[in-house]
Amino acid sequence: MAWRKRREIGKAGWGWTGFAGIISFIYFFPVLWIILTAFKSNADVLSVPPKFLFTPTLENFVSVFRRSYIPGQAAVDTGFDLFFFNSIYIAGTSVALALVIGTLAAYGFSRYPLRGNDTYMFIILTTRMLPPIIVIIPIFLMFRLAGLSGTYTGIIALYTAFNLPFTIWMMKSFFDELAPDIEDAGRLDGSSERRVFFKICLPQVRAGLAATAVFGLILTWNEFLFALLLTGIDTRTIPVAMAQTIGGDIGVRWGLLAAIETLFLIPVIVVVFALQKHLLRGVTFGTIKR
Amino acid sequence: MAETALNDTRAPLGITELRAGNWRLALLVAVIVMTVSIIALPGEISFWVSLAAVLFVGLSIVINAWGNSPGPLLVAPALALLVVMNIFPLMWSFGLSFFKFRVNRLAPPKFTGLSNYEKILTDPTVWDRLQTTAIVVVLTVTTQMVVGFLLALLFEREFPLRRVLLMLVLTPMMLSFVAVGAFFRFYYEPTFGLLSQAVRVFTGEVFILQATPAGAMAGIVIADAWMWSPFVMLLVVAGLVSVPKYLYEAAEIDRASWWRKFRTITFPYIRSLLLLALLFRTIEAFKLFDIVFLITDGGPGTSTETIAVYVYRLGFQAFRTSQASALSYILLFVVIVLTNLYLYFARQRDAQV
């Protein structure tokens, strides 16, 4: 027994890659099919039986931004360039704000626990866990009274608050993992508390900051219900615009929708690949680390 | 040493002491002012009064923290924002739930006590929607646990190109609900949808998945389970990887059967993570809105209308604002209980690992 060469436990070879590859491919197929559909002409999209081989065209991608509503007439702007801008601007600003405010708070919760620290953390997590539909009614009323509905300020403030619980929990989990020795050494050398934070702690959690920012961006980028009820024509984001494309009366142009989705997908797939290490922590809002 | 120097050495203020930094007193005053203003004043004025009261409490907390340990100052901005954008609206809607109020009418809110709650709890529609939600939760969470577990067995070991294949499987989880809803609507489309065409090959008839309540339900469950099984997989893989290898080696020497190895070695390591996955997914499935909204819109009839969709209809289509608030509060209670359980088990596991 001992002299026979045994494979190490938990390791597998190319055979397993083939097997896993087939299953992964099947699992990924719905996404793949949408990407393929985006490159099809309108006739190919609706063909029965479905076409696996076709001449790719960029027609759909062009008509995301400019298209003629009546055949033969001049193309009109669809406003999707504005919606893409809105999505990027709103998500970017609110995540940046949440990151600054949330990282400070996370550091506070991690290093200077308040009385009832756990209760604060629990309440903060609860605000993230509760169904958005619960908060939306009072927020809707509040925004109407304050004249904030349909403005960038309103939706950015709301999304900042929406990102905060996630940011605080994530960043706290990263701060908690740091070894306190280095900080104490810094303090003994006479570093001020501010210096300890900026020069010792923050550089060590750089990867965590990046992961938190990117997860926040995706969560905000994907958010639908708040955007549906609180953005106006000028501040509409992509998910809302997409849902409205489906809800159109003249029949859905699936090729067009697939093109929008494909544009929407690219950043997400890149992120999933780059952030695999932090994915577990990210999707559980920092409550599970390993 | 550094820690003790930072801790608050002053005696805490008594609640009746009249000082700017006595935030407990400020909180008490603020709650009284808000309650009175919500009951006595018209909506618009009571809103600003309440907001001022909240800011007053915040200010008091900051004053209390000044020159003390930096902790409260660090967390103050975050808490302030959360209070203004989350807690305060929640308290407001709690107040609203005791009034008769419709957002599309000019009539001022009228105090009606518990009647909204009474209406909600005796309404058979609410119970029907809760039942629908329960069915969705049970079906989708079970499917996710099973599929996620099987996927985890696949990705538990190291093999070439694992990272790339993992990317393919993990992508659905990070997509937006709207995108997933749109995907599956496209696949369920009766004439050219992939699923309908695949079924037609076998039956020769046009297949409309969403024509029957059971089919529509299956459609939602498939979409949601496809999206979130990778989540369960991620947690289970984390558990499987944490099992020390020497235990398996020892079991190999003892020639333990596969089942025995699973039961005595593997399962104890993944049990807590399975529980966490179950709770997390239950909370999330309980608030399922976007997928239902996009794929079936609650239909056919109201057979797939989950409670979240129902609250939306009640609040934004029927404009029964205060009744929707009351129902929201009942949902909030459920979520708080589940979140509490989740955190309890998460902390327990954290202490073990």
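Apart from its neighbours within four places in sequence, A:Thr237 is in contact with A:Phe83, A:Ser87, A:Ile90 and A:Ala227, where contact means heavy atoms within 4.5 Å. The model is predicted, so that local features need pLDDT of at least 70 and side-chain atom pairs count only at pLDDT 80 or more, while totals for chains, interfaces and linings use all residues. Residues are numbered from 1 along each chain as its sequence is written, chains are lettered from A and ligands numbered from 1 in the order in which they are written, and side-chain values use heavy atoms, with hydrogens and water left out.

A:Thr237 belongs to the loop between helix 11 (225-230) and helix 12 (238-246) of chain A. Helices (H or I, at least four residues) and strands (E, at least two) are DSSP runs, numbered from the N terminus. With a relative accessibility of 4%, A:Thr237 counts as buried; buried means under 20% relative accessible area, exposed over 50%, and partly exposed in between, for a 1.4 Å probe and protein chains only.

The confidence of the prediction is given by pLDDT, which runs from 0 to 100 for each residue. Chain A has a mean pLDDT of 83, and 92% of its residues reach 70 or more. For chain B the mean pLDDT is 83, with 91% of its residues at 70 or more. Where pLDDT is low, the predicted coordinates should not be read in detail.

Helix 7 (residues 162-174) of chain B has 13 residues. From its first C-alpha to its last it reaches 19 Å, close to the 18 Å expected at 1.5 Å a residue; the expected span is 1.5 Å times one less than the number of residues. This helix bends by about 35° at B:Leu168, and the proline B:Pro172 follows within four residues. The bend at a residue is the angle between axes fitted to the seven residues ending there and the seven starting there. Of the 13 residues of helix 7 of chain B, 11 are buried, so the helix is largely enclosed by the rest of the structure. The buried residues include B:Arg162, B:Leu165 and B:Met174. Their cover comes from both chains and includes helix 1 (14-38) and helix 13 (254-274) of chain A, as well as helix 6 (124-155) and helix 10 (213-241) of chain B.

The axes of helix 7 and helix 10 of chain B come within 6 Å and cross at roughly 130°. Axes are lines fitted to C-alpha atoms, for helices over the stretch in contact, and angles run from 0 to 180 degrees between N-to-C directions. The two helices are therefore oblique to each other, since angles under 35 degrees count as roughly parallel, over 145 as roughly antiparallel, 65 to 115 as roughly perpendicular and the rest as oblique. Among the residues of helix 7 that meet helix 10 are B:Leu166, B:Val169 and B:Met173, and those on the side of helix 10 include B:Trp226, B:Phe231 and B:Val237.

Helix 7 (residues 152-177) of chain A has 26 residues, which should span 38 Å at 1.5 Å a residue; its end C-alpha atoms are 36 Å apart, which agrees. A bend of about 30° is found at A:Leu164, and the proline A:Pro165 follows within four residues. In this helix of chain A, 21 of the 26 residues are buried, so it is largely enclosed by the rest of the structure.

Most residues other than glycine have a negative phi. B:Leu161, in the loop between helix 6 and helix 7 of chain B, has a positive phi of about 65° although it is not a glycine. At 49% relative accessibility, B:Leu161 counts as partly exposed. B:Phe319 also is not a glycine and has a positive phi, of about 55°. The loop that holds B:Phe319 is between helix 14 (307-316) and helix 15 (321-352) of chain B, and at 25% relative accessibility B:Phe319 is partly exposed.
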